[in-house]
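Here's a quick briefing to keep beside the viewer. Have the sequence and the 3D view open while you read.

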Amino acid sequence: MFCDRVIRDTSPAKRPAVATGSQSNSLMSHSFDRRSLLKELAAKGIRLTSQRRVLIEIIQDAEEHLDAAALGQLAQQRGVPVDRATVYRTVELLKKHRLIDELDLMHLQGEKHYYEVKTRRDHIHLACFRCQRIVEFASPAFEKLKAEMARQTGFDLRVTRLEAGGLCPECRAAAEQQPAPTASSQPAGARV
Ligand SMILES: [Zn+2]
Ligand SMILES: [Zn+2]
């Protein structure tokens with residue numbers, strides 16, 4: 001019996017079978033407790049330029065998993081033009097301080113990497129190969145697995161990432177009605 005809770009399914013009701021363009025359907029859950037990036041950086045005595053500050057605010061408030069190009073566009077929309085190098089340097093700063101996670105989301109959009117604020121509790125990402133929906137999922141079983149891994153290997157675990165891919169319930173139902181035209185373009189298997 002499937003009894004773990006799907007934290008949030010934020011997909012719009014109707015999606016094309018194949019997502020196009022750069023906008024992914026990679027919405028995020030706000031039900032997890034996000035760390036405050038600006039507060040944590042201030043506590044470390046890190047001074048921020050206005051460009052970095054706006055990028056950090058965008059990551060903090062993001063409704064979906066954002067890649068570097070999207071971060072640049074959103075900064076521009078807020079009236080703060082930021083070049084790509086600044087985006088990457090800001091992301092590196094946040095990664096260095098372990099304040100954000102970097103994801104590839106099953107490479108549904110090629111080699112893009114996405115960034116999200118680290119939450120107090122890790123969550124797993126499930127990606128739909130067909131509509132590109134991302135569902136975030138947390139489970140005490142995952143916490144137990146991490147503790148077990150750390151105990152058995154002696155590792156001080158700092159990053160644990162689990163992604164799974166397949167068909168969401170809607171696409172699964174659609175596929176049963178009418179099989180997807182190509183299965184060969186799907187990424188292979190789940191990765192850890
Ligand atoms: Zn996420
Ligand atoms: Zn789907």
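What follows goes from the overall layout to helix packing, the core and a few loop residues.

This is a predicted model, in which local features need pLDDT of at least 70, side-chain atom pairs count only at pLDDT 80 or more, and totals for chains, interfaces and linings use all residues. Residues are numbered from 1 along each chain as its sequence is written, while chains are lettered from A and ligands numbered from 1 in the order in which they are written.

**Overall layout**

- The protein has six helices and six strands; these are DSSP runs numbered from the N terminus, with helices being H or I of at least four residues and strands E of at least two.
- Of the 192 residues, 25% are buried. A residue counts as buried if 20 or more other C-beta atoms (placed from the backbone) lie within 10 Å of its own, as exposed if 12 or fewer do, and as partly exposed in between.
- Among contacts with a separation of 6 or more, 62% join residues 24 or more positions apart; a contact means that two C-beta atoms, placed from the backbone, lie within 7 Å.

**Helix 2 against helix 3**

- The axes of helix 2 (residues 50-61) and helix 3 (residues 68-77) come within 10 Å and cross at roughly 110°. Axes here are lines fitted to C-alpha atoms, for helices over the stretch in contact, and angles run from 0 to 180 degrees between N-to-C directions.
- Helix 2 and helix 3 are therefore roughly perpendicular; the cut-offs are under 35 degrees for roughly parallel, over 145 for roughly antiparallel, 65 to 115 for roughly perpendicular, and oblique for the rest.
- Helix 2 passes helix 3 in a right-handed crossing, the term for a near helix turned clockwise from the far one by less than a right angle (anticlockwise is left-handed).
- Val 54, Leu 55 and Ile 58 on helix 2 meet Leu 71, Leu 74 and Ala 75 on helix 3. By class, that contact has six nonpolar, no polar and no charged residues. Ala, Val, Leu, Ile, Met, Phe, Trp, Tyr, Cys and Pro count as nonpolar, Asp, Glu, Lys and Arg as charged, and the others, Gly among them, as polar.
- Leaving out neighbours within four places in sequence, Ile 58 contacts Leu 71, Leu 74 and Ala 75.

**Helix 2 against helix 4**

- The axes of helix 2 and helix 4 come within 10 Å and cross at roughly 65°, which makes the two roughly perpendicular.
- This crossing is right-handed.
- Gln 51, Arg 52, Leu 55 and Ile 56 from helix 2 meet Thr 86, Val 87 and Thr 90 from helix 4.

**The core**

- The largest nonpolar core has 32 residues, and those with the most contacts inside it are Leu 55, Ile 58, Ile 59, Leu 66, Leu 71 and Ala 127. Such a core is a set of buried Ala, Val, Leu, Ile, Met, Phe, Trp, Tyr and Cys residues joined through C-beta atoms within 7 Å.
- Helix 2 gives the largest share of this core, five residues.

**Loop residues to look up**

- Arg 98 sits in the loop between helix 4 and strand 2 (100-103) and has a positive phi of about 55° although it is not a glycine. Arg 98 is exposed, with 12 other C-beta atoms within 10 Å.
- Gln 132, in the loop between strand 4 and strand 5, has a positive phi near 70°. Gln 132 is buried, with 23 other C-beta atoms within 10 Å.
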